[in-house]
Amino acid sequence: MSRNKRVVSLKGKLLGGNNPILIQTMANLKTSRVEDILRMDEDLTHLGNDLLRLSVLDEKDAEAFKILSSKTSTPLIADIHFNYLFALKAIANGAAAIRINPGNIGSEDKLIKVISAAKEKGLPIRIGVNSGSLPLKYVSAKEEANAYVSALKEVIKVMEDHDFYDLVLSLKSSDPEVTYQAYKKADELFNYPLHIGVTEAGEGYVGALRSSVALVPLLKEGIGDTIRISLTDPPRDEVLAARALLKALGLIQDVPVLVSCPTCGRTQVDLLKVSKIVSKHLEGLNVNLKVAVMGCPVNGPGEAKDADLGLAGGVDSFLVFEHGKPLKSLPEEEAIRFLLSEIDRLANLKKQQKN
Ligand code: SF4
C-alpha cells in the first residue's frame, strides 16, 4: 500500500496524493492572543512547520482568524468542539481547514450548516477518533485498533451522507501499537489522507520515542500525509522532532543533520555546550548539510569524515575540519565562531547550486 490518497487543499497547500508529507503542530496559546500567535507562527515557519492548528474556545478566538489569516500564509486549522457557530465564524474568517468531532457539534442541522460552509469555501474537514470516544477495555491492540476503525467508519458515513468528501482522517491512541494498527487498517479501507500521530505521547525524548514506535513503521510503509509529534513541550519542539524523523527516514532532504558523539573519558572540552550552540544554529536552515561535533581527535574527524563540516575537541581547543580534512585548531569561542561561519558559507553555496 502506498500514499496516494485523495488530495485536499489548505490555502493552496496540497495534502494527500503523492505530495510531500506536511508537518503540523498546534499552538499552546489562546488564539485570541493574535500578536503572540503570529510571532509563534513566524518562528515555527522558520523551523519548517507547514500547518498550524488553533483552538477555538470562544467568540474572540473565532474572530481572531480574520486578522491571523490575513497576516500569515500558513494554513490555519480551526479546532472546534461543541459550538457549531464558532466553526461557521472561523470558516468565514479565513480558516484553511477545520477539525471537528461530528458527534459533539450538535444536532444534524448544525452539522449540515458547518458542512455547507466548508463546501462553499472548498475547505477540508479533519475528523477523527480517539480513545475518549471508545470503551476502555480491549483484549488486544488489534481489537482496540479495529474499534477505532469501526468508529471512524461511522463518522465518515455521516460526512459522506451529506456529500462531503474533502476529509482528513485521524485515529490517534496514546498506545503506539494501537495507533500503528489503526492507521494501517484505515489506510487499507479509506481513500482519504491521513493525519498521523500518537496522542498524549508525553514529554521530551519519551514522547518522541513513543511517537516514533508508531510513526516509523507507518511512514516506511508509505502511510501518512501529515504528521504531528504531540509533545508536552513547546510547539517548536514538535516541529523539530517531526523534521528530524522525516529526515532520518529520508522523506525530506533539505534539512541539516548534527552528528555528535556521546562523549566519554577522553573528552576534555565542554562538548554538550558546544553541541547545543551548533544545534541551535542549524535550526531552520533548509539545506542538506551534515555537521559533526566530536569530543576528541582520536575518533573525531575520522569517524565523522562523511560530515560536510565538523569539529573535534582536543585539550582546551577544537580542531575544525571539512570532509575529514583539518582546517584550523582554535580555542573554544573562536572555533565555534569559525564553524558557524563555515556552516553559513556552505549552506549558501548549496542553496545557490540548487537554484
Ligand atoms: S569521539 Fe572521542 S570523546 Fe567522543 S565518544 Fe568517541 S572516543 Fe569518546
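I started at Tyr138: skipping its neighbours within four places in sequence, I find Tyr138 in contact with Glu143, Glu144 and Ala147 (contact: C-beta atoms, placed from the backbone, within 7 Å). This is a predicted model, where local features need pLDDT of at least 70, side-chain atom pairs count only at pLDDT 80 or more, and totals for chains, interfaces and linings use all residues. Residues are numbered from 1 along each chain as its sequence is written.

Where does Tyr138 lie? I place Tyr138 in the loop between β7 (125–130) and α5 (141–161). Helices here are DSSP runs of H or I with at least four residues, strands are E runs of at least two, and both are numbered from the N terminus. Tyr138 has 15 other C-beta atoms within 10 Å and is partly exposed. For the cut-offs, 20 or more such atoms within 10 Å is buried, 12 or fewer is exposed, and partly exposed is in between.

Next, I looked at the helix pairs. The axes of α3 (residues 84–92) and α4 (residues 108–121) come within 9 Å and cross at roughly 10°. I take the two as roughly parallel, therefore. Under 35 degrees is roughly parallel, over 145 roughly antiparallel, 65 to 115 roughly perpendicular, and the rest oblique. Axes are lines fitted to C-alpha atoms, for helices over the stretch in contact, with angles from 0 to 180 degrees between N-to-C directions. On the α3 side I listed Tyr84, Ala87, Leu88 and Ile91; α4 brings Lys110, Lys113, Val114, Ala117, Ala118 and Lys121. That contact splits into 7 nonpolar, no polar and 3 charged residues. Nonpolar covers Ala, Val, Leu, Ile, Met, Phe, Trp, Tyr, Cys and Pro; charged covers Asp, Glu, Lys and Arg; the others, Gly among them, are polar.

I then checked α2 (residues 59–71) against α3: their axes come within 8 Å and cross at roughly 10°. Ala62, Glu63 and Phe65 of α2 meet Phe86, Lys89 and Ala90 of α3. I get 4 nonpolar, no polar and 2 charged residues there.

Which residues are closest to the ligand? They are Cys261, Cys264, Gly295, Cys296 and Asn299, out of 12 surrounding residues (C-beta atom, placed from the backbone, within 6 Å). The shell has 6 nonpolar, 5 polar and 1 charged residues.

Last, the whole chain. I count 11 helices and 15 strands in the protein chain. Of its 355 residues, 43% are buried. The C-alpha atoms fill a box of roughly 70 × 50 × 35 Å along the principal axes.

Notes. Two residues are in contact if their C-beta atoms, placed from the backbone, lie within 7 Å.
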